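Trainee: I am new to this one. Show me how to read its features, please.

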Amino acid sequence: MGRQEEDEVRSWGFSNVFEWTDPPNSHYPPHSHAGVTTHLILKGDLTICYPNESNREKKHYGVGSRIDVKAGQVHEVWIGEGGCTMIIGD
């Protein structure tokens with residue numbers, strides 16, 4: 001699974017591309033990354049918010065969604081009940 005999707009993410013300009021699976025109900029407390037990251041959801045879902053932004057609304061994403069996170073942007077993530085498999089590019 002994911003080979004075609006990995007190629008798609010590479011076509012967006014990301015050189016480090018890999019498949020990642022989070023178990024159900026995982027939580028990532030507020031954090032940031034040094035570079036831009038993208039997430040293409042293959043299975044499951046996640047909810048993300050940006051606690052340092054003026055709009056702190058939680059946004060829910062499912063299969064087929066692309067989520068881009070800017071370099072240094074603080075974000076918090078909750079994984080859905082079914083877990084989440086995605087292609088990540090950074």
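Mentor: Start with polar contacts. A polar contact is a pair of N or O atoms within 3.5 Å; within protein, one must be able to donate a hydrogen and the other to accept it, and residues adjacent in sequence count only if both atoms are side-chain atoms. Here the side chains of T85 and T21 are joined by one of 3.0 Å.

Trainee: What kind of model is this, and how are its residues numbered?

Mentor: The model is predicted, so local features need pLDDT of at least 70 and side-chain atom pairs count only at pLDDT 80 or more, while totals for chains, interfaces and linings use all residues. Residues are numbered from 1 along each chain as its sequence is written, and side-chain values use heavy atoms, with hydrogens and water left out.

Trainee: Back to T85. In which strand does T85 lie?

Mentor: Helices (H or I, at least four residues) and strands (E, at least two) are DSSP runs, numbered from the N terminus. T85 sits in strand β6.

Trainee: Is T85 buried or exposed?

Mentor: Buried means under 20% relative accessible area, exposed over 50%, and partly exposed in between (1.4 Å probe, protein chains only). T85 has 6% relative accessibility, so T85 is buried. Strand β6 also holds I87. I87 is buried too, because its relative accessibility is 0%. Its C-alpha is 9.5 Å from that of R66, 21 residues away along the chain.

Trainee: Which residues make up the largest nonpolar core?

Mentor: In soluble globular proteins, nonpolar side chains tend to be buried together. A nonpolar core is a set of buried Ala, Val, Leu, Ile, Met, Phe, Trp, Tyr and Cys residues joined through side-chain atoms within 4.5 Å. The largest one here has 11 residues: I41, L46, I48, Y50, I67, V69, V77, I79, C84, M86 and I88. Two or more residues each come from β3 (37–49), β5 (66–69) and β6 (75–89). The largest share, 5 residues, is from β6. Another core, of 6 residues, lies apart from it and includes V9, F14, L42 and I87.

Trainee: Take M86. What is M86 in contact with?

Mentor: Contact means heavy atoms within 4.5 Å. Beyond its neighbours within four places in sequence, M86 is in contact with F18, E19, W20, D22, H39, L40, I41, L42 and L46.

Trainee: And I88? Which residues does I88 contact?

Mentor: Leaving out neighbours within four places in sequence, I88 contacts N16, V17, F18, W20, T38 and H39. I88 is found in β6. At 11% relative accessibility, I88 is buried. K59 is 29 residues from I88 in sequence and 18 Å from I88 in space, C-alpha to C-alpha.

Trainee: How do I read a pocket?

Mentor: Pockets are found on a 1 Å grid over the protein atoms alone: a pocket is an open set of points where a 1.4 Å probe fits, with protein on both sides within 12 Å along at least five of seven lines, and lining residues have an atom within 4 Å of a point. The largest pocket holds about 290 Å³ of space, a volume filled by probe spheres set on the points. It is lined by 18 residues, with Y28, H31, H33, H39 and I88 nearest its centre.

Trainee: Which elements supply at least two residues of that lining?

Mentor: β1 (17–22), β2 (27–31), β3, β5 and β6 each do. β6 gives the largest share, 5 residues. The lining divides into 11 nonpolar, 5 polar and 2 charged residues.

Trainee: Now the loops. Where is S65 placed?

Mentor: S65 is in the loop between β4 (59–61) and β5. S65 is buried, because its relative accessibility is 17%. A polar atom of its side chain lies 2.9 Å from the backbone oxygen of G62. Not counting residues up to four places away in sequence, S65 touches H39, L40 and I41.

Notes. Nonpolar A, V, L, I, M, F, W, Y, C, P; charged D, E, K, R; others polar.
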